[in-house]
Amino acid sequence: KVDEQGKPLAGAVFQYTDNANQTVTSLSNADGVLYVIKLAEGTTTVTETTAPDGYLKLKDPLQLEVSGNDVKVTKAPDNAEGTGSFDSPLLVKNKKVKTTTISVTKQWQNDTPAERPSSITITLIRNGKPTDKTLVLDAKHGWTGSFEQLPVLDESGKPIVYTVDEI
């Protein structure tokens, strides 16, 4: 696993079924290397279940064709390089997730500063579902805050809709 510039990416999680018909979960190491071992004869599908932080996971699984000790990559992303052998490892590139910042300002109406609470809490909503991200807004900071480094696309590459809610 590498980024678009070829820098190794640790933390990608993949799953496949081994030759004992067991589901194997494997993690790319600090060098971006993922070992797929004990493969059954025939076609093995290797699916990325979790991308490294800040990256999109692969849309489609990899496919390997196993014949004896020979393993050939038969399906990989278009931007992949190499054959998958020890001499020519398959380099699979992940796209970095673009991020955005959501700024929040509480606008008070029909009240006086004396009637306001000392602070309010704002929750970030992602695609209609509350997240664990919150902001505490107060007069000292102008009733303003922001949620930063939010991914623009979900793991499938679809746009994320963010809203906020006052708790």
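What follows is a short chat about the strands and one surface patch of a predicted model.

Q: What is the strand order in the open sheet of 5 strands?
A: In this predicted model, the open sheet has the order 2-1-3-4-5, and the pairing is antiparallel.

Q: And which strands stand at the edges?
A: Strand 2, residues 23-27, and strand 5, residues 70-75, stand at the edges, and because each has a single partner strand, one side of each is left without a neighbour in the sheet.

Q: How many degrees are neighbouring strands turned against each other?
A: On average, and with direction ignored, neighbouring strands of this sheet are turned by 30 degrees against each other.

Q: How many bridges join strand 4 to strand 5?
A: Strand 4, which covers residues 62-67, is joined to strand 5 by 5 bridges, and the two run antiparallel; within this pairing, S67 stands opposite D70 of strand 5.

Q: Switching topic, which residues make the nonpolar surface patch?
A: The patch, of about 420 Å², is made by Y35, I37 and F86, and I37 has its place in the loop between strand 2 and strand 3.

Q: Which strand pairs with strand 7 over 7 bridges?
A: That is strand 8, residues 129-138, which pairs in the antiparallel sense with strand 7, residues 119-126, and here R126 has K129 of strand 8 as its bridge partner.

Q: What about the residues between those strands in the hairpin?
A: There are 2 residues between strand 7 and strand 8, and in this hairpin N127 takes a positive phi near 50 degrees.

Q: Where does strand 10 come in?
A: Strand 10, residues 162-166, pairs with strand 7 over 5 bridges in the antiparallel sense, with T163 of strand 10 standing opposite I125.

How values were computed: Residues are numbered from 1 along each chain as its sequence is written. This is a predicted model: local features need pLDDT of at least 70, side-chain atom pairs count only at pLDDT 80 or more; totals for chains, interfaces and linings use all residues. Side-chain values use heavy atoms; hydrogens and water are left out. Two strands pair if DSSP finds at least two bridges between them. Helices (H or I, at least four residues) and strands (E, at least two) are DSSP runs, numbered from the N terminus. Axes are lines fitted to C-alpha atoms, for helices over the stretch in contact, and angles run from 0 to 180 degrees between N-to-C directions. Patches are made of residues with over 30% relative accessible area and no salt bridge: like charges are joined within 9 Å, nonpolar side chains (Val, Leu, Ile, Met, Phe, Trp, Tyr) within 5 Å. Accessible areas come from the Shrake-Rupley method with a 1.4 Å probe; for residues, only the protein chains shown count as cover. A salt bridge is a side-chain nitrogen of Lys or Arg within 4 Å of a carboxyl oxygen of Asp or Glu.
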